[in-house]
Each structure stands twice: as structure tokens, then as C-alpha cells.
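Here is a short briefing on one protein chain. Please keep the sequence and the structure side by side while reading.

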Amino acid sequence: CVREVRPPLSPEGTLEELCVVAKSYGITSVTGDNYAGDFPAEQFRKRGPDYLKSDKVRSDLYRDFLPVINSKRLKLLDHQKANNQICGLERSTGRGKDNIDHPRGAQFHDDIANAIAGLVNILMNDALGYDDTMAWVCGPDDEIPADHTPGIRRDLNLFSHRRSAYR
């Protein structure tokens, strides 16, 4: 299910509708960014499902999304808006850091692309146990924590333990 709500809209009404849709799919938690401050989190808290804040900003999600697409580990839906938004992303550099975003202007959006990149981040990190922090890179064996378990040993069943969605 791909849903995009464009202005003009009622933010509270839109979030209420999204909560109903999420519940109808059995989704128990959603993950979103810090856009609009705590407003989305508050609305989801009132109605359910649980709202989790993403550990990555949009630009980092897009950066990590690119190798997944290029390696063909992901087959995108044949969804015109999603494909246009993904293909329309632009990379710029400034202040020593790359930024990936949609072009400036009222006619450009990236909500669907952001949702897809966020979902892929959740699936690649949580479900497959991939640790992108590089904390697993250690020196001699005596520096590896005793409770360290390589992510590859985690359960690979993507949906058996938790169902999630990304805003």
C-alpha cells in the first residue's frame, strides 16, 4: 500500500486516517523522522500504532539506499510517483558533507522515496541484523565483547517477530 497525501490537508485528520490504515494491516509500529517536531509522534501515541523516531536523517537514508538498489537486492514496485521521486533525488556537497534531497520547488516532493528508503533501512538493519555502525570492527579477539554475536546469526525471517512501516 503506497499512500501520499498532498496539501491542502488537515494534519490531524491525515494522521488519523494513516493510523486506521496501519491498524488494518496489523502494523504495530511506524518509524518517522523529526519533520513537524513531536506532532506526528503525539498523534500516533493517541491512536496507535507506536511511533519510533528514525536513527537516520533523510540524506543518510538515501545514501544507504543507493547500494541496495545498485546491488539488485531490492526490486522496486512499478509505481510512477515513487520511481520519479527516487530518480529525481540530487546530491550536493557543502560544509564538508554530502546532502541528498529532492530538487527545490513546490512541485518537487520526496515523501514516497523517503518512506521506501526508510523501510529498506529498517529491513536491512533490524531484520537482517546488519550493523552499519562499524562497531563490529575490532582488533585482537580479546577486545571483542563476550556478548558479541555477529548480525548474520540473527533470525532472517523478515516479518515473523515484528511488523513495521515507515512514514
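Exposed here means a relative accessible area over 50%, and buried means under 20%. Lys 72 is therefore exposed, with a relative accessible area of 74%. The model is a predicted one. The protein chain holds five helices and five strands. Their order from the N terminus is α-β-α-β-α-α-β-β-α-β.

**Overall figures**

- Of the 167 residues in the protein chain, 31% are buried.
- The accessible surface of the protein chain is about 11500 Å². Carbon and sulfur atoms account for 54% of that surface.
- Among contacts with a separation of 6 or more, 64% join residues 24 or more positions apart.

**Helix α1**

- Helix α1 covers residues 11–24, which is 14 residues. From first C-alpha to last it reaches 20 Å, close to the 20 Å expected at 1.5 Å a residue.
- Its buried residues are Thr 14, Leu 15, Cys 19, Val 21 and Ala 22. Seen down the axis of α1, these buried residues fall within an arc of 165°, so they line one face of the helix.
- Val 20 and Ser 24 are exposed, on the face of α1 turned away from the buried side.
- The buried residues of α1 pack against α2 (39–47).

**Helix α2**

- Pro 40, Ala 41, Gln 43 and Phe 44 are the residues listed as buried in α2. Viewed down the axis of α2, the buried residues lie within an arc of 165°, so they line one face of the helix.
- Arg 45 and Lys 46 are exposed on the other side of α2.
- The packing partners of the buried α2 residues are α1, β1 (29–32) and β2.
- Just after α2, Gly 48 adopts a positive phi of about 75°.

**Nonpolar cores**

- The largest nonpolar core has eleven residues, including Leu 61, Tyr 62, Phe 65, Ile 86, Leu 89, Ile 100 and Ala 113. The elements giving two or more residues to this core are α3 and α5 (111–127).
- A second, separate core has eight residues, among them Cys 19, Ile 27, Phe 44 and Tyr 51.
- Tyr 62 contacts Leu 89, Ile 100, Asp 110, Ala 113, Asn 114 and Ala 117, leaving aside neighbours within four places in sequence.

- Ala 113 sits in helix α5. Its relative accessibility is 1%, so it counts as buried.
- Not counting residues up to four places away in sequence, Ala 113 touches Tyr 62, Gln 85 and Ile 86.
- Ala 113 and Gln 85 are 28 residues apart along the chain, yet their C-alpha atoms are separated by 5.7 Å.
- Helix α4 (residues 80–87) has Ala 82, Gln 85 and Ile 86 as its buried residues. They cover an arc of only 100° around the axis, so they lie on the same side of α4.
- Gln 80 and Cys 87 are exposed, on the face of α4 turned away from its buried side.

**A buried lysine**

- Lys 56 lies in the loop between β2 (50–53) and α3 (58–70).
- Lys 56 has a relative accessible area of 11%, so it is buried.
- Its side chain makes a polar contact with the side chain of Asp 64, at 2.4 Å.

**Cis peptide bonds**

- Pro 7 and Pro 8 are joined by a cis peptide bond, with omega about 0°. Pro 8 belongs to the segment before α1.
- The peptide bond from Gly 48 to Pro 49 is also cis, with omega near 0°. Pro 49 is in the loop between α2 and β2.

- Lys 72 has phi near 60°, a positive value in a residue other than glycine. Its place is the loop between α3 and α4.
- Arg 95 has a positive phi too, near 55°. Arg 95 is found in the loop between β3 (90–94) and β4 (97–101). Its relative accessibility is 90%, so Arg 95 counts as exposed.

Methods:
Residues numbered from 1 in each chain as written. Predicted model: local features only at pLDDT ≥ 70, side-chain atom pairs only at ≥ 80, totals over all residues. Heavy atoms only, no water. Helix = DSSP H or I, 4+ residues; strand = E, 2+ residues; numbered from the N terminus. Buried < 20%, exposed > 50% of the residue type's maximum accessible area, 1.4 Å probe, protein only. Polar contact = N/O pair within 3.5 Å; in protein donor to acceptor, adjacent residues only side chain to side chain. Expected span 1.5 Å × (residues − 1). Arc of directions from axis to C-beta. Contact = heavy atoms within 4.5 Å. Core = buried A, V, L, I, M, F, W, Y, C linked by side-chain atoms within 4.5 Å. Areas by Shrake-Rupley, 256 points an atom, 1.4 Å probe, with all protein chains shown as cover.
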